[in-house]
Amino acid sequence: MKGFRTRYGASPLHLLLVLCSFALAGYAGLRLLNGDTLGVVLWFVGAALLHDLLFLPLYTVTDRVVQCVFRRGRDATDHSPSLSGRINYLRVPAFVALLLLLVWYPLILNRVPGFTSYTGLQADVFLGRWLLITAALFAASAVCLLVAMWRGRPPRPRAHEAPPKAPGRHQA
């Protein structure tokens, strides 16, 4: 077992799960390509090109701008936790909200006529619900950031205890 873990880098269960996920993806791909094969291939190639040529540079530049804005307010003597860890509290909810918008944009932007008959919902509710979900994601992320900041602070000395002495100082 140790030889396998040394050669492969993980447990045999990991290998089994990876092989199962490849088999499931292959099965789904074969079922998907049974219909309009050319249309599916064009859609995948177009999505990859759109992501690599447009979206990746766009969100990379946006991330760099946000990091510069947050760094500008800090001075060189500030030794608080790194920005790269805290910026994730903005990245994650923004990513999830944009992913939801990307997947559901026809409904959110009211571009699908006659969808009410399938869901029983009016067409104008999706934008409000997406905005509500986005606000909830950012609020939950803000709570997580506050908890992380609160847990990362050094404990305060209790009222009846003397504050700790600075290292290297001796009383005369």
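Predicted model: local features only at pLDDT ≥ 70, side-chain atom pairs only at ≥ 80, totals over all residues.

Student: Okay. How many helices and strands are there in the chain?

Tutor: The chain has seven helices and zero strands. Read from the N terminus on, the elements go α-α-α-α-α-α-α.

Student: And what percentage of the residues count as buried?

Tutor: Of the chain's 172 residues, 8% count as buried. As for contacts, take those between residues at least 6 apart in sequence: 35% of them join residues at least 24 apart.

Student: Let's pick a helix. How far does helix 3 reach from its first C-alpha to its last?

Tutor: Helix 3 covers residues 37-72, so 36 residues, and reaches 51 Å, close to the 52 Å expected at 1.5 Å a residue.

Student: Where does helix 3 bend?

Tutor: At His-51, by about 40 degrees.

Student: Which residues in helix 3 are buried?

Tutor: Those would be Val-40, Asp-63 and Gln-67.

Student: Now helix 5. What does helix 5 span between its end C-alpha atoms?

Tutor: Helix 5 spans only 26 Å, while a straight helix of 21 residues would span 30 Å at 1.5 Å a residue. There's a bend in helix 5 too, about 55 degrees at Leu-102, and the proline Pro-106 follows within four residues.

Student: Which residues of helix 5 are buried, and what do they pack against?

Tutor: The buried ones are Pro-93, Ala-97, Leu-107 and Ile-108. The buried residues of helix 5 pack against helix 7.

Student: Can we look at helix 7, then? Where is Ser-141?

Tutor: Ser-141 sits in helix 7, which runs over residues 125-152.

Student: Is Ser-141 buried or exposed, and why?

Tutor: Ser-141 is buried, because its relative accessible area is 9% and buried means under 20%.

Student: What does Ser-141 touch, leaving out residues up to four places away in sequence?

Tutor: Ser-141 touches Tyr-89, Leu-90 and Pro-93. Pro-93 is one of the buried residues of helix 5.

Student: Nice, that name came up before. What about Thr-134, buried or exposed?

Tutor: Thr-134 is in helix 7, and it counts as buried because its relative accessibility is 14%, with the cut-off for buried being under 20%.

Student: What separates the C-alpha atoms of Thr-134 and Leu-98?

Tutor: They are separated by 8.8 Å, with the two residues 36 residues apart along the chain.

Student: Changing topic: what comes just after helix 5?

Tutor: Asn-110 does, with a positive phi of about 60 degrees.

Student: What volume does the largest pocket have?

Tutor: About 980 Å³. Of the 21 residues that line the largest pocket, the closest to its centre are Phe-55, Tyr-59, Phe-95, Leu-98 and Leu-99. Helix 3 and helix 5 (88-108) are the elements that give two or more residues to the lining.

Student: Which helix gives the largest share of that lining?

Tutor: Helix 3, with 11 residues. Sorted by type, the lining of the largest pocket has 16 nonpolar, three polar and two charged residues.

Student: How much space lies in the largest cavity?

Tutor: About 30 Å³. Its lining is Pro-106, Leu-107, Asn-110, Arg-111, Val-112, Phe-115, Ala-123 and Phe-126. By type, the lining of the largest cavity splits into six nonpolar, one polar and one charged.

Definitions and conventions:
Residues numbered from 1 in each chain as written. Heavy atoms only, no water. Buried < 20%, exposed > 50% of the residue type's maximum accessible area, 1.4 Å probe, protein only. Contact = heavy atoms within 4.5 Å. Bend = angle between axes of the 7 residues up to and from the residue. 1 Å grid on protein atoms, 1.4 Å probe; cavity = no way out; pocket = protein on both sides within 12 Å on 5 of 7 lines; lining within 4 Å. Points joined across faces, edges and corners; volume = space filled by probe spheres on them. Nonpolar A, V, L, I, M, F, W, Y, C, P; charged D, E, K, R; others polar.
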